[in-house]
Amino acid sequence: MQIKFTGKGLALKIYILMSVFCLISIVSSCMEVEEILFEDKNRKPIQLILDSDTNNELDDQHAIAYLLSNDKYFNLKGITVNKTSFGGSIEDQAVEAERVLLLCARQDIAVFKGAAGNYQQIKEQITTPEFDGSEAVDFIIESAKSSEQEKLVILAVGKLTNVALALLKEPSIAANLRIVWLGSHYPDSREYNLINDALAVAAVLRSNVEFELMTVREGKSSGTANVLVYTEEIKNKIQGNGPQIVNPIAGRNGKLFSNFGDYSVSLFDLFPGAGSPQGRSFFDVAAVAILKKPYWAEKVEIPAPSLSEDGKWTEQPDNPRKIVFWENFEKNKIMQDFYRSMDEFSLQKTGASDSRS
Ligand SMILES: [Ca+2]
């Protein structure tokens with residue numbers, strides 16, 4: 001049987017073809033569709049302090065660059081650093097944070113030295129003018145006090161000591177803060193950030209501050225550990241990216257760098273990761289991504305559990321205090337956005353740099 005298209009049939013055929021074309025376009029730009037569906041067009045940049053063990057390995061540095069390449073979403077007011085088991089002294093942590101800020105042409109953002117020791121060791125000195133971590137703790141307190149109009153976000157991607165000490169020294173700041181912490185394998189025990197100061201986490205859980213927990217979960221698909229970045233991909237995609245700075249800066253290996261992209265590649269040479277293809281988890285970058293696009297993970301409100309000194313959780317189902325727990329991170333969307341941000345960061349800032357030279 002032969003089908004003839006009349007004028008009406010032809011119109012229907014064109015309509016179907018156009019619909020299919022539109023559908024393909026929509027699927028290929030699902031990120032833009034998500035933005036249309038979920039984005040608040042009146043959203044203002046998040047007022048933010050990053051609390052980081054920047055010199056630990058390499059994800060903190062990339063989290064800083066990712067934050068700075070998204071100034072439409074974030075107003076980074078300062079970086080407070082803390083010392084965890086790896087990454088040297090508190091000075092080393094501060095130097096690495098300052099290095100990344102300089103490589104991103106943001107010398108206007110200050111770095112504040114925080115705790116080298118832990119909450120238990122420092123808490124008795126909290127009433128003295130200067131104690132281990134007081135520079136960072138006082139910056140958090142002052143920033144929180146001046147954030148009465150909207151809550152100041154502390155994105156903590158190391159141990160929680162600085163945050164716990166700030167809440168101990170000035171409990172009234174809890175009302176002005178939203179703490180987002182990357183750490184723990186919750187509900188499983190231990191994890192690097194947690195075990196570096198479990199009693200600091202326990203103290204924050206006992207306070208009344210707004211608290212969100214983004215889980216790590218090594219070896220499982222539901223944590224930030226599953227947000228993998230591959231060494232080869234980094235070399236191909238972000239080498240040379242970032243603002244081109246006039247005076248090169250020495251990296252951790254002494255070699256000079258003029259942009260963050262090249263420094264990123266050198267960090268991956270230092271910490272090449274494991275597996276085939278070779279890669280690492282981008283824990284701290286995932287935390288920034290979820291602050292930017294909360295619909296790239298799943299969240300649930302839970303009664304705040306308690307935590308022991310050796311990093312074990314105890315559920316408290318009747319606890320009226322609630323915290324937010326994040327899991328199941330959209331790793332492909334996060335990595336796609338990271339690379340896109342770094343690419344646009346480069347174009348935007350290179351243009352600015354060229355016009356000055
Ligand atoms: Ca970290």
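**Group meeting: the core and one buried aspartate**

The protein has 13 helices and 14 strands. Keep in mind that this is a predicted model. Of the 357 residues in the protein, 43% are buried. On contacts, take the pairs at least 6 apart in sequence: 74% of those join residues at least 24 apart.

I'll start with the core. In soluble globular proteins, nonpolar side chains tend to be buried together. Here the largest nonpolar core has 95 residues. Which residues have the most contacts inside it? They are Leu155, Val204 and Ala287. Helix α12, residues 283-292, supplies the largest share of this core, with eight residues.

Now Leu155 in particular. Setting aside residues up to four places away in sequence, Leu155 touches Leu48, Leu50 and Asp51, then Val180, and finally Ala287, Val288 and Leu291. So that list includes Ala287, which is itself among the residues with the most contacts inside the core.

Where is it found? Asp197 sits in the loop that runs between α8 (192-195) and α9 (198-206). Is Asp197 buried or exposed? Asp197 counts as buried because it has 27 C-beta neighbours inside 10 Å, and the cut-off for buried is 20 or more.

What is Asp197 in contact with, leaving aside neighbours within four places in sequence? Asn118 and Tyr119 are on the list, along with Lys159, Leu160 and Thr161. One more distance to note: Asp197 and Glu309 are 112 residues apart in sequence, and their C-alpha atoms are 8.1 Å apart in space.

Technical notes:
Residues are numbered from 1 along each chain as its sequence is written. This is a predicted model: local features need pLDDT of at least 70, side-chain atom pairs count only at pLDDT 80 or more; totals for chains, interfaces and linings use all residues. A nonpolar core is a set of buried Ala, Val, Leu, Ile, Met, Phe, Trp, Tyr and Cys residues joined through C-beta atoms within 7 Å. A residue is buried if 20 or more other C-beta atoms lie within 10 Å of its own, exposed if 12 or fewer, and partly exposed in between; C-beta atoms are placed from the backbone. Helices (H or I, at least four residues) and strands (E, at least two) are DSSP runs, numbered from the N terminus. Two residues are in contact if their C-beta atoms, placed from the backbone, lie within 7 Å.
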